[in-house]
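I opened the model and kept notes as I went. The entries follow in the order I looked things up.

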Amino acid sequence: MGIKIIATNKKAYHDYFIDEVYEAGLVLTGTEVKSLRLGKVNLKEAFCRIKNGEAFINNMNISPYEQGNRENHDPTRERKLLLHREEIAKLTRKVDERGLTLVPTKIYFKDSRAKLEIGVGRGKKLHDKRETLKEKQHSRETARALRDHAKK
């Protein structure tokens, strides 16, 4: 069936150097899945945490489902992530030893199952962010120049 991307976290790539990515399943309620299908999710303020050998995502805002009843979900509740035990152990070692952090980068449906892409990231300094913006602008300008040159 394929992959349908719902939301990406552009702020994560702006604020962190993402070294590795992991795919995790999500434990969701029915109204949360319906809101995700409508694309009503925000990953900007979200962060991942490992507690007692289990991975969780906090502050991921899934808007309440409009046709939902009183059983509707809390928009920013803590949600459990589904990862293998070995992956959780590996992530725990990386976060504890090297001062890395777990950042949600993308949420998508893969074969009708909601998945979250978690990046293991190192924080960028201000000068790194500026450098990244300069590189983006430079590549945009060269692409534009090449495109204009090809038209002539």
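**Entry 1: helix H2.** I started with the buried residues of H2, residues 30-37, and found Thr31, Glu32, Ser35 and Leu36. Buried here means under 20% relative accessible area, exposed means over 50%, and partly exposed is in between, with a 1.4 Å probe and protein chains only. Helices (H or I, at least four residues) and strands (E, at least two) are DSSP runs, numbered from the N terminus. I then looked down the axis of H2: its buried residues fall within an arc of 145°, so they line one face of the helix. The arc is that of the directions from the helix axis to the C-beta atoms.

What covers the buried residues of H2? I found that the cover includes E1, E3 (41-42), E6 (61-62), E7 (79-82), E8 (101-110) and E9 (113-123). Just after H2, I noted Gly39 with a positive phi of about 80°.

**Entry 2: ground rules.** This is a predicted model, in which local features need pLDDT of at least 70, side-chain atom pairs count only at pLDDT 80 or more, and totals for chains, interfaces and linings use all residues. Residues are numbered from 1 along each chain as its sequence is written, and side-chain values use heavy atoms, with hydrogens and water left out.

**Entry 3: the chain overall.** I count four helices and nine strands in the chain. The order along the sequence is β-α-β-α-β-β-β-β-β-α-β-β-α. The C-alpha atoms fill a box of roughly 60 × 45 × 30 Å along the principal axes. Of the 152 residues in the chain, 33% are buried.

I checked contacts next, taking contact as heavy atoms within 4.5 Å. Among contacts between residues at least 6 apart in sequence, 69% join residues at least 24 apart.

I also took the charges. The chain has 34 positive and 22 negative ones, and their mean positions are 4 Å apart. Lys and Arg count as positive, Asp and Glu as negative; His and the chain ends are not counted. I placed each charge at NZ of Lys, CZ of Arg, CG of Asp or CD of Glu.

**Entry 4: the core.** Which residues touch the most other members of the largest nonpolar core? I get Leu26, Leu36, Met60, Leu81 and Ile107, out of 27 residues. Such a core is a set of buried Ala, Val, Leu, Ile, Met, Phe, Trp, Tyr and Cys residues joined through side-chain atoms within 4.5 Å. E1, E2 (16-26), E5 (54-58), H3 (85-98), E8 and E9 each supply at least two residues of this core. E9 gives the most, with four residues. In soluble globular proteins, nonpolar side chains tend to be buried together.

Leaving out residues up to four places away in sequence, Leu26 touches Ile57, Met60, Lys80, Leu81, Leu82, Ile107, Ala114, Lys115 and Leu116.

Entry 5: Thr8 lies in strand E1. Thr8 is partly exposed, at 42% relative accessibility. Beyond four places in sequence, Thr8 touches Leu43, Thr105 and Lys106. I also took a distance from Thr8 to Glu32, 24 residues apart along the chain: their C-alpha atoms are separated by 17 Å.

Asn9 sits in the loop between E1 (3-8) and H1 (10-15). Is Asn9 buried or exposed? Asn9 is buried, at a relative accessible area of 3%. Setting aside neighbours within four places in sequence, I find Asn9 in contact with Leu43, Lys44, Val103, Pro104 and Thr105.

**Entry 6: Glu45.** I found Glu45 in the loop between E3 and E4 (47-51). Glu45 is exposed, with a relative accessible area of 52%. Outside four places in sequence, Glu45 touches Lys11, Asn58 and Asn59. The C-alpha atoms of Glu45 and Asn61, 16 residues apart along the chain, are separated by 8.3 Å.

**Entry 7: positive phi.** Most residues other than glycine have a negative phi. I logged Asn59, not a glycine, with a positive phi of about 65°. Asn59 lies in the loop between E5 and E6 and is partly exposed at 36%. I logged Ser112 too, not a glycine, with a positive phi of about 65°. Ser112 is in the loop between E8 and E9, and is partly exposed at 44%.
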